[in-house]
Amino acid sequence: MKITKYAIGGLAALALVGCQDKMRELNTNPDTISETDPRYVFMNVMQDFDYDSRGFGEALMFNTAVKMQYFVHYNGATDGTYCDKLANTYVTLRTTSYMYDWLYAKGYQMTQLQKYIDGLDEYEQLQYKDLHAICGIVKVYEAFRVFQNYGAAIYSQAFQGLEGNLVPTYDIFDNSVYESLDDELAGYIKVLAAPAEETAAELGEFDPIYGYIVSSTPTAPATRGDYTQQRTLWKKFANSYRLYMAWIMKDVDGTRFEKVRTEVLDGGLDNVFQSADEGAYAFMNGSNDNSGLIYNSDGTNSISVIYSVTDNFIHYLKQLKDPRLPLLARNNSLNKENKAIQWMQHYFPDSLVKHAYYNKETKTWTKDVPWGDVLDFDADPMMAYQGQSANPYNYDMSGPGQLWGLRNFTFTFHHPDYKPGDSEYNKKLKPWTVTNTGTVTDEFPATCTIWNADTSFTLEMASRPQGRYFIADGGKTEGDGDGNSGVNGNDGDVNPSNKFYTHPVYTYPEFCFMMAYLSLEGVDTKQSADIWYRNGVEAALKELQRDANRYEIQVATSLSATKIVSVNETEPYDLTSKIGTYLSNVDLNSANVTDKKEAVVGQMWIYAYNQANKMWDWWRKTGYPKIVSVKTPAERPSGLYWVDPTPRTSTNTLSFPRRASLPRPNNELNNANYNETRNKLLEIPGYGSTYDQTTGAIYWDVIGVNQQ
């Protein structure tokens with residue numbers, strides 16, 4: 001059987017793996033698979049796993065993370081981010097379409113590799129028995145996400161094109177389909193739970209998931225070098241993800257949930273993740289070999305240039321006094337080093353205390369409206385971190401008593417005789433002088449002459465995301481400006497050659513949060529909710545600090561980063577010493593916690609900052625965050641919330657999507673099966689009245705089904 005042409009792309013082998021020559025042979029001579037170790041094929045297929053293209057990265061940052069209210073475009077939130085039932089316009093998370101494609105790319109390649117192993121002689125089958133099981137684990141992982149989000153997929157008859165089946169039928173997702181996936185996964189786990197064959201081919205460095213150990217510094221990861229540990233980690237991943245699948249399905253298949261819980265946890269916790277270093281991460285290639293997004297930042301640098309962190313995300317972090325805030329959001333313009341602010345403090349100090357407010361609804365001005373504390377970074381240095389409203393209602397609003405609907409705010413100072421709208425008259429005005437009301441210095445003399453009819457300063461009020469978690473160095477060149485290809489938003493030096501990225505697949509913190517949530521529901525998880533929760537929070541904080549160091553987040557690694565009082569005033573920021581206090585503040589039994597389930601989901605929201613698609617699962621499953629109408633700072637609630645998106649130009653209601661729409665098959669010969677499947681989906685309660693009505697729900701999403 002020759003499968004190389006289906007499994008080997010034009011990608012280079014992992015830069016860290018000493019097998020480039022063999023991979024070069026495979027890529028230039030695709031007829032050698034029958035004489036080649038299948039591990040080379042596995043390695044090539046698994047490169048850049050779950051983060052394999054620039055398109056996916058853009059979908060993650062600029063679509064999915066926006067819908068999950070982490071980020072917002074700096075010119076304001078838009079109605080089109082959400083679904084509008086009355087206008088019959090529906091959206092979904094763009095990352096789901098990539099996951100759909102991965103099933104029929106990665107899943108197909110894993111199936112073909114399994115078939116190749118099945119065709120070997122008995123001795124060689126035993127040799128690659130572990131690899132066969134791991135390929136199956138990857139395939140089930142890919143398949144479940146598709147069923148979960150689309151409600152149907154070609155699976156039981158998938159990957160049979162070479163055998164002549166060009167019109168495979170779709171499987172409608174129901175308990176029987178889920179249980180067959182679970183049974184399949186359990187079978188693969190059984191292989192890895194048994195002792196390895198004496199002749200087992202060790203996967204070793206051919207495994208981009210568990211073949212390496214991440215470094216805590218910007219250096220290449222080390223090879224693991226322990227195959228017993230490696231296969232055990234794959235078993236733990238599979239068991240942990242099996243529990244996750246069961247949790248998602250628990251409300252509609254409680255019997256199978258209990259079966260899975262019993263089988264996985266019967267012997268204690270040895271079968272699942274027990275520490276942060278057991279979680280699954282995909283190791284990306286170094287900058288010379290990666291074909292995807294991370295090191296290819298023309299345009300995708302937008303995360304560093306034209307996006308802001310949302311107001312509700314930063315507000316939640318501030319409520320918790322969360323030490324991760326400076327590592328997740330870049331500081332705005334409100335700091336003592338800013339020369340524009342220094343100038344205003346000397347010559348127009350009242351402008352930082354009060355300001356005229358224009359009401360765009362009534363089209364009226366109100367003079368001398370107090371700013372409140374939003375500009376008072378002397379009293380509260382954390383005003384250097386503020387968010388922008390995710391509510392389309394606020395898309396072009398900014399001013400005293402308002403949320404920042406735009407990232408930037410411009411302070412303009414006019415000549416005493418200035419006439420609004422009369423440009424010809426204003427051009428003739430003579431230079432004017434303003435007086436220093438503060439301390440006179442060489443930089444800020446007693447008087448300042450202004451030569452034009454007006455002068456202005458634009459300040460960034462909302463914080464930009466820390467783009468270096470998504471793009472090497474935030475961009476390929478240092479600089480700023482909308483439309484400037486590749487610039488990193490002035491986010492420090494650029495040196496991608498020493499960046500070795502990882503991307504979370506399924507990790508210990510998210511597993512801990514799931515187990516904590518289950519414990520709060522009364523499920524026996526072998527530990528209390530308090531312990532699971534605390535372990536998850538601690539691991540999440542440590543992981544973020546490690547990644548901040550590895551990706552050279554400026555506030556954490558650079559002495560030249562803007563100095564923020566109480567953050568990095570004397571040395572780069574490190575949250576390690578703050579972990580103990582924080583864990584006490586957010587302890588589930590603390591007086592600060594009024595809703596324990598909400599607290600658990602809130603920690604997951606923070607943790608999923610760079611993997612926003614996972615938060616969609618949590619919201620649909622738990623009902624948290626709550627959706628709240630927030631149009632002004634005074635309306636911010638306490639606790640965890642997403643902003644209810646409200647249009648200002650219509651009376652329509654906007655909604656979050658709850659599912660994706662099944663795409664048409666690439667093969668037109670299968671349109672009949674597709675149409676039949678789509679019609680069957682429309683008959684399922686809660687799915688929606690049209691196939692593209694993504695406010696409908698897949699049957700496991702009980703909350704969504706009940707809302708229809």
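**Helix faces and aromatic pairs in a predicted model**

In helix H22, the residues Asn673, Tyr674, Thr677, Arg678 and Leu681 are buried. Around the axis they cover an arc of only 135°, which puts them on the same side of H22. The structure described here is a predicted model, and within it H22 runs over residues 671-682, its 12 residues reaching 17 Å from the first C-alpha to the last, close to the 16 Å expected at 1.5 Å a residue. The cover over the buried residues of H22 includes helix H7 (129-150) together with strand E3 (152-153) and strand E4 (171-172). Arg678, one of the buried residues of this helix, also lies over the face of Tyr691, at 4.5 Å from the ring centre.

An α-helix has 3.6 residues a turn, so residues three or four places apart point the same way.

The structure holds 61 aromatic pairs. In one of them, formed by Tyr82 and Phe656, the ring centres are 5.1 Å apart and the planes stand at 75°, so the pair is edge-to-face. Tyr82 lies in the loop between strand E1 (71-73) and strand E2 (83-84), whereas Phe656 lies in the loop between strand E18 (654-655) and H22, so the pair ties together parts that are 574 residues apart in sequence. Tyr82 is buried, with a relative accessible area of 3%, and Phe656, at 7% relative accessibility, likewise counts as buried. A further aromatic pair, that of Tyr501 and Tyr551, is stacked, with 4.0 Å from centre to centre and 5° between the planes. This pair links distant parts of the chain, 50 residues apart, with Tyr501 in the loop between strand E14 (454-460) and strand E15 (502-506) and Tyr551 in the loop between helix H17 (529-550) and helix H18 (554-557). Both Tyr501 and Tyr551 are buried. Elsewhere, Arg620 lies over the face of Trp616, at 3.6 Å from the ring centre.

Another tyrosine, Tyr393, is found in the loop between strand E10 (364-370) and strand E11 (408-414). Tyr393 is buried, with a relative accessible area of 11%. When residues up to four places away in sequence are not counted, Tyr393 touches Glu361, Lys631, Thr646, Pro647 and Arg648. Tyr393 and Pro685, by comparison, are 292 residues apart in sequence and 33 Å apart in space, C-alpha to C-alpha.

As to the confidence of the prediction, the chain averages a pLDDT of 91, and 93% of the residues score at least 70. Over residues 1-34, however, the pLDDT is below 50, although this stretch has 76 contacts in the model beyond near neighbours in sequence. Where pLDDT is low, the predicted coordinates should not be read in detail.

Key
Residues numbered from 1 in each chain as written. Predicted model: local features only at pLDDT ≥ 70, side-chain atom pairs only at ≥ 80, totals over all residues. Heavy atoms only, no water. Helix = DSSP H or I, 4+ residues; strand = E, 2+ residues; numbered from the N terminus. Expected span 1.5 Å × (residues − 1). Buried < 20%, exposed > 50% of the residue type's maximum accessible area, 1.4 Å probe, protein only. Arc of directions from axis to C-beta. Contact = heavy atoms within 4.5 Å. pLDDT = per-residue confidence, 0-100. Phe/Tyr/Trp six-rings, centres within 6.5 Å; stacked < 30°, edge-to-face > 60°. Lys NZ or Arg CZ within 6 Å of the ring centre and 35° of its normal.
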